[in-house]
Amino acid sequence: MVDVKASSPQEAAGVPSDADLPRDSELAKFGPDKPLKLDAGVELSPFQIAYKTYGTLNAERSNAVLVCHALTGDQHVANLHPVTKKQGWWETLVGPGKPIDTERYFVICPNVVGGCMGTTGPASTNPKTGKPWGLEFPVITIRDMVRAQAMLLDHLGIKQLFAAAGGSMGGMQVLQWAASYPERVFAALPIACATRHSAQNIAFHEVGRQAIMADPEWRGGRYHLEGTNPRRGLAVARMGAHITYLSDAALHRKFGRKFQDRENPTFSFDADFEVESYLRHQGISFVERFDANSYLYLTRAMDYFDLAADSGGVLANAFKASPTRFCLISFTSDWLFPTSESRAVVHALNAASARVSFAEIVTDKGHDAFLLDEPEMFGIVRGFLDGARKARGLPDKTS
Amino acid sequence: MSNLTVANIERTPGGARVDLVLVAEMVERGVKVLDVGCGDGELLRLLSESRGVDGRGIEISREGVNECVAKGLAVIQGDADTDLADYPDDAFDYVILSQTLQATRNPRVVLEHMLRIGRRAIVSFPNFGHWQVRLQLLFAGHMPRTDILPYSWYNTPNIHHCTIKDFRELCTEVGVKMEKAVALNAWGSPLRLNAPWWFWNLFGEQAVFLLSRRRDGGQATPK
């Protein structure tokens, strides 16, 4: 078991200590008897998973819904975030009476392995040294994240998920779940995602990582020990990534060429334009809640993701004889995970004779649309889960 | 293709479209069905409720797809002309093309794929040989518009109209077996079974064909 004192080295460096002792979360600890076997060929042990649950698990333990978070998300899917004090990242979709209805389903949302909100990651304390892992932390994959989540379900005594849902990196986890543990996922909802990271996506991630590593405060990943924090690098990484989450049309609609609090250009490199000011704000607020090394590890995990390659180059083999029912959703203006990627998954699922629904939603909000108010998406998620609930024989409300 | 390709088809007292009921009656219970051009999912729902089938759908219009998925049906957005090629052989017991054949770009290839993917195929279409159609062209001299073909020539999605006679010839050419055929008159009632084909071709407003592969195990191979 990991034994952590409140005054961790992170706090000394001014980094939130949520990496070891997450606020407002449940903790599942896995001791030396339950190591996490990583794709990198090493074992992570001991380790812990921070998670949130909402709703009530029924007596048959058959109404669990796993919500998988995206790259910079965390377990606080439907509650006030303890660090940012903002509402949960998917409160539009998860909650009482919402499409993922916590009056019907027992919702579990874990922080991924490699994250920085309480699940073991590079900012956590390495029990062997008593210091933060930093780059000593093993490289992890989407499959490792899912393997850890399966251990969490074992820990909670849940044999089969009623559903697994997630967008972007969360959607990758959902697809991996269906491929790794088909019998444990009754219904899968991968949204705005793909079965592999494209060269363009890897390229964007690499720019973000280089921005972090170019910050002199990064100190070869040892910033926790040296009392520094690569805030600028991480902020620039976030700014770059944020552009990829939006569409040209959405940026133009929101900001156009409008000036920020001024009538005329200042003929300087101030944030003259509203869009510059917005991006700077996105970058600065992000570093308050995220660990730079975690960003390196999680972007790497996404880059390595390639379900077809794991199945001898044939994507359909990843879903051979899958009993899972799938619903894929994509967005017209998402150029990070375009509709063509979802369609490739649909083709593979058809070839594997799996039960699949696929809807593309018209929006100009880009990749971020999956996190936003998209009534059509809500209707589809609700309808899909209603149909699956009837097929699974779940009652209307948990008793 | 959506149900917009045809309109105003008679309904049963229960509210179901007569042609869909007829199609549903040709399907065995509990089988696996692909509905190509499933529109708003009315047939899939009817099949699942009345025949207990495991139904899937392809629909070209985004509105139709999203409506179907929100109803809990397994439907994907796709095009009969391009996407049937992605399905493996023998994936379904029945592949249904309801009121969609005339809107495909290559009806022959679509038909061949249907009998490759499914053991059996059901095709329903509006009969362009119906007397009303013939009279409009003969006497009024313009492209026919009827209750089930309400479009003008310039905005119709129906680009490959055929008559019952034409479709039978296609079946012979492709080498598929006609197991059953029913023609409905303008009031949605089936025509007399022992009526000759020319009678059907003149008085059938629409037709429903149940087809299978000519030889057991043999497959139509699309060119």
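## A look at chains A and B

Among contacts in chain B between residues at least 6 apart in sequence, 67% join residues at least 24 apart. Please keep in mind as you read that this is a predicted model.

Let us stay with chain B for its overall build. Chain B holds eight helices and seven strands. Its radius of gyration is 16 Å, close to the 17 Å that the globule rule gives for 223 residues, so chain B is as compact as a globular protein of that length. Of the 223 residues in chain B, 46% are buried.

Strand β2 of chain B (residues 54–59) pairs with β3(B) in the parallel sense, over four bridges. One of the residues involved is B:A74 in β3(B), the bridge partner of B:R56. To get from β2(B) to β3(B), the chain crosses through helix α3 of chain B (residues 62–70), and this β-α-β crossover is right-handed.

Next comes the meeting of the two chains. Here 21 residues of chain A are in contact with 16 residues of chain B.

| Element of chain A | Residues |
|---|---|
| β13 | 325–331 |
| α11 | 339–351 |
| β14 | 355–361 |
| α12 | 375–392 |

Which element gives the most to the side of chain A that touches chain B? That is α12(A), with seven residues. By class, this side of chain A has nine nonpolar, seven polar and five charged residues.

A:L279 sits in helix α8 of chain A, residues 274–287. Is A:L279 buried or exposed? It has 21 C-beta neighbours inside 10 Å, and the cut-off for a buried residue is 20 or more, so A:L279 counts as buried. Leaving out residues up to four places away in sequence, A:L279 touches A:M239 and A:H242. A:L279 and A:Y295 are 16 residues apart in sequence, and their C-alpha atoms are 18 Å apart in space.

Conventions
Residues are numbered from 1 along each chain as its sequence is written. Chains are lettered from A and ligands numbered from 1 in the order in which they are written. This is a predicted model: local features need pLDDT of at least 70, side-chain atom pairs count only at pLDDT 80 or more; totals for chains, interfaces and linings use all residues. Two strands pair if DSSP finds at least two bridges between them. Helices (H or I, at least four residues) and strands (E, at least two) are DSSP runs, numbered from the N terminus. A crossover is right-handed if, with the strands pointing away from the viewer, the path from the first strand over the helix to the second runs clockwise. Two residues are in contact if their C-beta atoms, placed from the backbone, lie within 7 Å. Ala, Val, Leu, Ile, Met, Phe, Trp, Tyr, Cys and Pro count as nonpolar, Asp, Glu, Lys and Arg as charged, and the others, Gly among them, as polar. The radius of gyration is taken over C-alpha atoms; the globule rule is 2.2 Å times the number of residues to the power 0.38. A residue is buried if 20 or more other C-beta atoms lie within 10 Å of its own, exposed if 12 or fewer, and partly exposed in between; C-beta atoms are placed from the backbone.
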